[in-house]
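Subject: Structure handover

Hello,

Here is the structure we talked about. Please have it open while you read; my notes follow below.

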Amino acid sequence: MLIFEMDALKTFGKKLWKGWMWFAEKIGWINQQILLGVVYFIFIGIYALIYDAIKLFKHKPETMWREFEHQPETLEALEKQF
Amino acid sequence: MSDNKPTYLLGLACFYHDSSACLLKDGVVIAAAQEERFTRIKHDENFPEYSVNYCLEAADITLDQLSGVCFYEKPLWKFERLLLTYIQEWPRGFFSFLKAMRAWLNKKLWMEHIICKELGKVSGIKNKKGKSVPYSGKIYYVPHHLSHAASTYYPSNFKNATVLTVDGVGERSTSTIALGEEQKLTLKEEIVFPDSLGLLYSAFTYYLGFKVNSGEYKVMGLAPYGTARYTKEIEALIEIFADGSFRLKPEFFAYRYGLKMTSSKFAKHFGRPVRNTDDELTQWHKDMAASLQQVAEELMLNLVRYAHKQYGGKNLCLSGGVALNCVANGRIVREGPFKNVYIFPAAGDAGGSVGATLYVNSIIDPKPKAKSIETIYLGPKFSNQMIESFLQDSGIKYDKIDTAADRAVKVGQLLADNNVIGLFQGRMEFGPRALGNRSIIADPRKPENWKRVNIKIKFREDFRPFAPSVMADKAQDIFDLRGVDSPYMLLTAGTKVKDLPAITHVNSSARIQTVSAEDNKPYYDILSAFNDLTNCPVVINTSLNVRGEPIVWDHIDAFKCFIRTDMDILVLENFIINAEEVDKNFFKTKFELEVFADD
C-alpha cells in the first residue's frame with residue numbers, strides 16, 4: 001500500500017515538475033522579450049540617436065572599397081573570437 | 001610536439017548553412033565532407049559531427065592528436081556588425097533584433113563552449129558520470145573572407161596571385177581583395193555590409209520565388225530563357241562608383257532590418273509582387289532573371305578589373321558563394337584582365353573549413369607553398385566487399401565486373417545503348433558538384449534525355465539544364481573554352497557543335513566539366529569507352545540525388561535513389577544493377593521510402 005502511494009506521489013511530482021517547466025519556459029520567453037525590448041528601445045535607441053547625429057556630418061563616399069584592418073597574423077590573434 | 005609527428009588541423013564551418021569539416025595533415029588536405037550528405041538535410045547548418053567523425057576515421061586519429069581546430073569565422077566580429085546594423089536601422093529592426101538575439105544569446109555567443117562540447121561528443125570519451133569529456137585543445141578563429149581567400153589561393157598552386165572573394169556577408173565584409181605571395185596571404189581591401197553582390201542576387205532570388213541561399217543557381221539557370229530587358233531598372237537600385245565598387249540603395253532592401261529580403265518599394269519599382277513558389281514562371285520572370293544575371297556579371301567584372309588595376313599580376317583566384325556563378329566565371333576568364341584564373345570548387349561556405357585550416361597552417365608552417373590539395377575527391381569511399389555484402393544481404397540481383405578496364409567498356413556500352421546510369425565510385429566529391437563519383441550520366445546526343453532525366457529521375461523543374469562531362473583532351477574541339485580547363489564544372493562556354501541537345505542551353509552554352517585521366521581515371525575511362533563506340537567524348541553529368549535531397553554519400557543511399565526513380569542502371573563500384581531485374585516497388589517498401597507522385 002505504501003509502495004503504491006509512493007509511486008502515485010512520484011507520478012504526481014513528475015507531472016507537477018513538467019507543468020512547472022512548461023510554465024517557466026513561457027514566462028522565460030515573455031521575460032526575454034521584455035528585457036530585449038528594453039535593451040533595444042533604450043540602449044540601442046540612445047546609440048541610434050547619436051549615430052544619426054554623427055551621420056549628418058558624414059561626406060558622401062567616392063568609393064565603397066576600404067582598407068581591411070586587423071587581419072590576425074599570429075596564432076594568439078587567431079585564438080580570439082574578435 | 002616532436003618533429004616526426006604529423007601536424008593535424010581540423011577545420012569547421014557551421015551554424016549558418018552548408019556545414020562541413022576537413023582535416024589537414026602536414027599542410028595537405030586529406031579529408032573533407034559536407035554534413036548534409038550524412039544527415040540527408042539539404043544545406044544542413046548544424047555542427048558537422050558526422051563529417052568530423054569521418055575526417056578523424058579517415059586519418060585514423062583521435063581528437064587529442066589534433067594540433068588545433070580552425071573555425072571559419074570570428075563570431076564576435078559578426079555580433080558587432082549585427083549590433084551596429086540594429087543601431088543604424090533603429091527602430092524598425094525590432095522584430096529582427098528579437099529573433100537574432102535569441103539565436104545569439106542561446107547559442108552563438110558561446111561558440112567556444114559549443115565547439116568543445118560537440119567535439120567531445122564525437123570523441124566518445126566519457127567521464128566517471130558518463131558525460132562526454134569536452135575538447136580542450138586550441139581553437140583558432142579565422143575571419144570569414146580570409147577563410148574564403150585561403151581556400152582558393154593555397155590550392156591554386158600559383159606562387160603569387162590576386163584573390164577576390166565575393167559572397168553575401170561574412171562578419172562584415174561582403175567582398176575582399178587579398179594578395180598572395182608564396183605562403184603569405186594578406187587581405188588588402190573590403191566592401192562591407194550591407195553593400196553586397198551576393199545579397200543583391202539573393203534579394204532577386206527571393207523576389208522570383210526561390211529559396212534564399214539555395215535557389216540562386218536556379219535563377220542563373222533560368223536566365224538564358226529570358227532577355228535582359230530590365231537591366232536599367234535593376235541598375236536603378238545600385239549606385240556604381242567609378243572604380244567598380246557599388247552601394248545598394250537601402251530603400252529597396254529589407255534584409256538589414258526585416259525578416260524579408262526586399263522592401264515594398266522594391267516590388268513597386270518593378271510593378272509586381274514577390275512571386276509565390278507555386279506560381280507560374282512567366283516570361284517576365286525569365287527576363288528579370290536574365291537582367292539580374294547580366295548586371296551581376298558586369299559588377300563582378302568591375303571588381304576583377306579594379307583588383308587587376310590596383311594589384312596587377314597575371315593570376316586571379318576566386319572564392320565566396322558568388323564564385324559559384326559559372327556564367328560570370330566564364331566571362332571573367334574570357335573578358336577579364338588576368339591570364340590565369342583558379343576557382344576553388346567548394347567556393348561557398350562549405351569551403352570555409354578548408355580555408356580556415358590552410359590559413360592557420362600558413363602561420364604554423366611559413367615555408368614556401370607546397371601543393372595543399374591533391375584531389376577534390378576527399379570524401380568517404382566504400383569497398384567492393386562492403387557493397388557486395390549489402391547487395392547479397394538485401395537480395396538484390398547484380399552483375400559483377402572483375403577489372404576496372406572491363407567495367408569502363410561495359411558502362412560505355414550501356415551509355416551508348418541509351419541507358420540512364422547512376423554512377424557510384426571512389427571517394428565522394430567535396431563541394432556542390434558531382435564530378436563523376438556520385439553522378440547520373442546519360443547520352444547527350446538524345447534530346448529526350450533532357451526531359452527524361454529532369455522529370456522522371458530528378459523530379460525537378462524542366463527548364464533546368466544539364467552539365468556535360470567531356471574528355472579533357474577533346475574539350476577544346478567541342479566547347480569554346482579558349483585553352484582553359486574546367487575540371488570542377490565552374491565555367492560555362494559556348495558549344496561548337498550542334499548535335500548535343502541534352503547539354504546545350506538555349507543560348508548555346510554549357511556548364512562544362514573537363515575530365516582528365518590524372519583527375520579521375522575511372523571516370524575518364526568510361527568517357528573514353530563511350531567515345532570509342534559513338535565518337536562522342538561527352539556525357540550528361542548530373543548529381544546522384546532527387547530534387548530537394550543532398551547528393552548521396554554511401555552505396556545504400558545510392559540504391560535508394562535508384563529505386564525511387566526511373567534510372568535504368570546503377571553502377572556501384574564493380575557491380576552493375578539493372579532496373580529490369582529489380583522489383584523497385586518491393587525495395588521501396590523494404591526501405592520504407594517515400595513514393596513520389598510520378599511513380
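How many residue pairs are in polar contact across the interface of chain A and chain B? The rule finds 20, with both residues at pLDDT 80 or more. A polar contact here is a pair of N or O atoms within 3.5 Å; within protein, one must be able to donate a hydrogen and the other to accept it, and residues adjacent in sequence count only if both atoms are side-chain atoms.

Some ground rules. This is a predicted model, in which local features need pLDDT of at least 70, side-chain atom pairs count only at pLDDT 80 or more, and totals for chains, interfaces and linings use all residues. Residues are numbered from 1 along each chain as its sequence is written, chains are lettered from A and ligands numbered from 1 in the order in which they are written, and side-chain values use heavy atoms, without hydrogens and water.

The interface

On the chain A side, three elements each supply at least two residues that touch chain B: α1 (2–55), β1 (66–67) and α2 (75–79). Helices (H or I, at least four residues) and strands (E, at least two) are DSSP runs, numbered from the N terminus. α1(A) gives the most, with 14 residues. By type, this side of chain A divides into 19 nonpolar, nine polar and eight charged residues. Ala, Val, Leu, Ile, Met, Phe, Trp, Tyr, Cys and Pro count as nonpolar, Asp, Glu, Lys and Arg as charged, and the others, Gly among them, as polar.

In total, 36 residues of chain A are in contact (heavy atoms within 4.5 Å) with 57 residues of chain B. The area buried between the two chains is about 4000 Å², and carbon and sulfur atoms give 65% of that. Buried area is the accessible area (1.4 Å probe) that two parts lose on being put together, summed over both. A:W65, A:F68 and A:Q81 supply 24% of the area that chain A buries against chain B, more than any other three residues.

Salt bridges

A salt bridge is a side-chain nitrogen of Lys or Arg within 4 Å of a carboxyl oxygen of Asp or Glu. One links the side chains of A:K60 and B:E239, at 2.6 Å from N to O. B:E190 forms another with A:R66, with the closest N and O atoms 3.1 Å apart. B:E190 lies in β8 of chain B and A:R66 in β1 of chain A, so the pair joins two chains.

β1(A) and β8(B) (residues 184–192) run antiparallel and are joined by two bridges; pairing requires at least two DSSP bridges between the strands. A:E67 stands opposite B:E189.

Within chain B, β6 (160–166) and β7 (173–181) pair antiparallel over seven bridges. B:N160 has B:E181 as its bridge partner.

Backbone points to check

Most residues other than glycine have a negative phi, and most peptide bonds are trans. B:W90 and B:P91 are joined by a cis peptide bond, with omega about 5°. B:P91 lies in the loop between α3 (75–88) and α4 (94–106) of chain B. The bond from B:F193 to B:P194 is also cis, with omega near 10°. B:F15 has a positive phi, near 75°, and sits in the loop between β1 (8–13) and β2 (20–25) of chain B.

Best wishes
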